Amino acid sequence: MKDYKYHIFAPYRVCPLGAHVDHQHGLVTGFAIDKGVDLWFNVREDSIVKLTSRTFDGDVEFEIDKPSQVREHHWGDYARGAKFALKKRFELRRGIEGVIQGSLPVGGLSSSAAVLIAYVMAFAKANDITLQPFEVVKIASEAEREYIGLNNGLLDQACIALGKKDELLFLDCDSNEYRHIKFGSGNSSSSLTGLGDLFEIGIFFSGLTRNLVNSDYNLRVYECKTAAWNMLAYTDQPLKTFDKTFLRDIPKSTFEKTRIAMPARFARRAEHFYTEYRRVRQGVTAWETGNLKLFGKLSFDSCESSIHNYECGSPELIAIYEIMRQLPGVYGGRFSGAGFKGACIALVDPAYKENIQKVLTEKYLEQFPEYEKTFQVSWVKPDDGARFVEA
């Protein structure tokens, strides 16, 4: 491979609790993991950006000092999106030349957010821009919302940029306050040396990929906001514009008073939000007190609500979830990411992982033999967030 001066690793992420609520300013948890996106690059003296991918076909070339053009529905849109969001804040003069590569199948691990963060960090480096980690989070999230067209919150970018190897990230998507929590930190007798001693994370990739912009992801965001509008209208409160309407701003007591009046689909979306808020609170307490069984159970409960209240999950993902929750050694788990196709994740006792992989693979392929060549099981561990890698 050509010699490159710089190397950025942007990890993928998993979210054990806090599903589908970041866009409504809810509470979330997450880990960066030890698989992700690698970007190797050199800084150019002109304004040209030249990129190749080891994952997708075709090359990308554009000028970083020119306005972003319309999306081309190509992997290069993520580089253009990073430029778009950075140019709103900074002058960009120098481009880069590089190659990018992902280390796991695309689906459910926020590979798009990892790619965006890598590009934001690379373009900032090329133009002598110093960014704090949470600035990277906000810029990458803005690129995905305003350029790519996915109405996301901050969960994905926060886990990827802020993750710490042996700690759980807990983020309030309303205040943007966050903290890192060591397992059992509220238990003075805890002697855990690292999360790898406690569990590994199973990634069960269904074999079915998806594009969130073309899934029901944005529709669910609108349904949550419509539920909020219903509650405000039924209680004669002033309505805000849609972009400033969030379920987090409405007390659960208002939901209890109005849920019967609103269409059932909107009530189910709100039900998921309020119960997930409670699960995250309970999960953080379980984590702090060293109760992994309860933490895992809450993750399973989160997936149940995702299926029945948020109404996501393909037949393939639901099958994986139903198989894995019956297996010894699985503490908990749920759909990863938006939950329309993609993957499931599980927190697993390392002593059981070989049997879990064997049984889950057999049972899943009995139901869906057409995915024999694309179904994949991977094992990962929590890791630090996006960073420059020393040569």
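This is a predicted model: local features need pLDDT of at least 70, side-chain atom pairs count only at pLDDT 80 or more; totals for chains, interfaces and linings use all residues.
Reader: What radius of gyration does the chain have, against the value for a compact globule?
Author: The radius is taken over C-alpha atoms, and the globule rule is 2.2 Å times the number of residues to the power 0.38. For 391 residues the rule gives a value near 21 Å, and the chain agrees with it, at 21 Å.

Reader: What percentage of the residues of the chain count as buried?
Author: Buried means under 20% relative accessible area, exposed over 50%, and partly exposed in between (1.4 Å probe, protein chains only). Of the 391 residues, the buried share is 58%.

Reader: Which elements do the buried residues of H9 pack against?
Author: Helices (H or I, at least four residues) and strands (E, at least two) are DSSP runs, numbered from the N terminus. Helix H9 covers residues 315–324, and seven of its ten residues are buried, including Leu317, Ile320 and Met324. These buried residues of H9 pack against strand S8, helix H8, strand S9, strand S10 and helix H10.

Reader: How many aromatic pairs does a search of the whole structure find?
Author: Rings of Phe, Tyr and Trp (its six-membered ring) pair if their centres lie within 6.5 Å; planes under 30 degrees apart count as stacked, over 60 as edge-to-face and the rest as tilted. The search finds 21.

Reader: Why is the pair of Phe183 and Trp287 edge-to-face?
Author: Phe183 lies in the loop between strand S7 and S8, and Trp287 in helix H7, 104 residues apart. Both Phe183 and Trp287 are buried. Their ring centres are 4.8 Å apart and the pair is edge-to-face because the planes are at 80 degrees.

Reader: Which residue lies over the face of Phe300?
Author: A charge sits over a ring if NZ of Lys or CZ of Arg is within 6 Å of the ring centre and within 35 degrees of the ring normal. For Phe300, at 4.6 Å from the ring centre, the residue is Arg325.

Note on methods:
Residues are numbered from 1 along each chain as its sequence is written. Side-chain values use heavy atoms; hydrogens and water are left out. Contact means heavy atoms within 4.5 Å.
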